[in-house]
Amino acid sequence: MNAASRTTDPPAPAPDWATRLEALRAETREVDAAVAGRRFLSVGGTGFVGRYLVEELLARGAAEVRILCRTPPRGAHHPRVTFATGNVTRPEVARAACRGMDAVIHSAAVYGNPPFGSLGPGQDVADTNVRGVESSLAAARAESVADFVYTSSANVVFDGTPRLEADESTPYAMGRRLDHYTRSKIAAERLVLAANGGGLRTGILRPNGIYGPREQYITGKVVPLVRMLRGLPFSLDPSQRTDWTFVYNLVWAHLLWLRRVREAPAEVAGKAYFITDGEAVHTLQDVVGAMVRGLGYPGRAFVRVPRFLMVGGCAVQERLCWWLRDLGLRPLFTRTEALKAVTTNTHSIERARTLLGYRPLVGTAEGLGYMGAELRARGEPDGH
Ligand SMILES: NC(=O)c1ccc[n+]([C@@H]2O[C@H](COP(=O)([O-])OP(=O)(O)OC[C@H]3O[C@@H](n4cnc5c(N)ncnc54)[C@H](OP(=O)(O)O)[C@@H]3O)[C@@H](O)[C@H]2O)c1
């Protein structure tokens, strides 16, 4: 194709996630039997991932989806959705929520204040992320729930060391400087693995950087920054690679786990599985770059920020904000977030492929396209 013909091409149609979702559901009917007519407790079903999980269970015929969260949304909800409002760390709340359920999907978590921070006691993070999981496991067992799947994080093996294709034999991250969130996810995983057996089948899914339409956390940081700078004029080490997880690929992995754990419990239960798009990309250029372009700004970068400056600068900023926390200051990025952005960390999805039949349904470029389209649709007050 020459340059002249390129300019006369009609603009590419905006990617339409709703249409693609319908097609994906139609192509993957084989998992419906694991959902149809069953009752599910979704702990954290109002969160970013939780909402997708709930919608999917309903679309595939679940008899009931009960959502456990502290603040249920106002207004009307689906007739097969019920709410068990309260704090999952409270045993009586978790127990009432599990009553009559066939399976629990636990995707409630908090990231800390600041998210992924490593200073201070971190008790708030441990309360929800560790005590909450302990409480919902105990409730599931007491209420004779058959299956329990926990949404963990690939962060459990991330300690800042570059690593390609980490698999499930990679040891948990260790070290004095681990952030509270990572520590809590490791502790929760240990509980979930130890709880497998005696009538309860448990499992763990480990996504890495979940993105997609309706994402709030990354976009909540990046969009204001990009708007303020009218683009993102800096770059990071171009050799960095990581794998991200499109939210629907993760939802699909949950459905596969729910199906396979009934077909082959001895093989499937009691294990962790990395779940990603299976593609190595560059965090800033590819993922953040797609958001920048989605917002209509140029992806040009003028300044390369070296690793030591990015990580050291964010560590100093995190510490300063900690000292001055009474003023309500929060770091733009914590040391852990900076490390993740500049360190190669990819994960093997081979175990998920072999034991769950997982394959990424949506590739990273495609998934970012849906996210970019949704960012544009959210609207930009400055005219972009
Ligand atoms: N987002 C990512 O990039 C990412 C990456 C890797 C792994 N993960 C994991 O994926 C899971 C879902 O993450 P997300 O981003 O969807 O989270 P999110 O949007 O922050 O949603 C968290 C959910 O948990 C509920 N929750 C929090 N504390 C609770 C408590 N004490 N009792 C009851 N409910 C509580 C929240 O509702 P209320 O606030 O109303 O209680 C909300 O429904 C988490 O386990 C997270 O660790 C996320």
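Predicted model: local features only at pLDDT ≥ 70, side-chain atom pairs only at ≥ 80, totals over all residues.
**Reading a parallel sheet and its helices**

Q: Which residues of β7 lie on each side?

A: R201, G203, L205 and P207 are on one side, with T202, I204 and R206 on the other, and both faces are covered.

Q: Which strands pair with β7, and in what sense?

A: In general, strands of a sheet pair through backbone hydrogen bonds, either parallel or antiparallel. Pairing here requires that DSSP finds at least two bridges between two strands. Strand β5 (residues 147–151) runs parallel to β7 and is joined to it by five bridges; Y150 stands opposite I204. Five bridges also link β7 with β11 (residues 271–275), again in the parallel sense, and there I204 faces A272.

Q: What is the order of strands in the sheet?

A: The open sheet has seven strands, ordered β3-β2-β1-β4-β5-β7-β11, with parallel pairing. β3 and β11 each have a single partner strand, so one side of each has no neighbour in the sheet. From one strand to the next, the twist averages 20 degrees. Within this order, β1 and β2 are parallel and share five bridges, with V43 opposite L68 in β2.

Q: Where do helices α4 and α8 lie on these strands?

A: Contact means C-beta atoms, placed from the backbone, within 7 Å. Angles run from 0 to 180 degrees between N-to-C directions, using axes fitted to C-alpha atoms, for helices over the stretch in contact. α4 packs on the sheet, touching β1, β2, β3 and β4, and makes about 165 degrees with β3. Helix α8 (residues 247–263) lies across β4, β5, β7 and β11, at about 160 degrees to β7.

Q: Which residues of α4 (residues 91–98) are buried?

A: They are A94, A97 and C98. Seen down the axis of α4, these buried residues fall within an arc of 95 degrees, so they line one face of the helix; the arc is that of directions from the helix axis to the C-beta atoms. Their cover includes α5 (123–142).

Notes: Residues numbered from 1 in each chain as written. Buried ≥ 20, exposed ≤ 12 C-beta atoms within 10 Å, placed from the backbone. Helix = DSSP H or I, 4+ residues; strand = E, 2+ residues; numbered from the N terminus. Contact = placed C-beta atoms within 7 Å.
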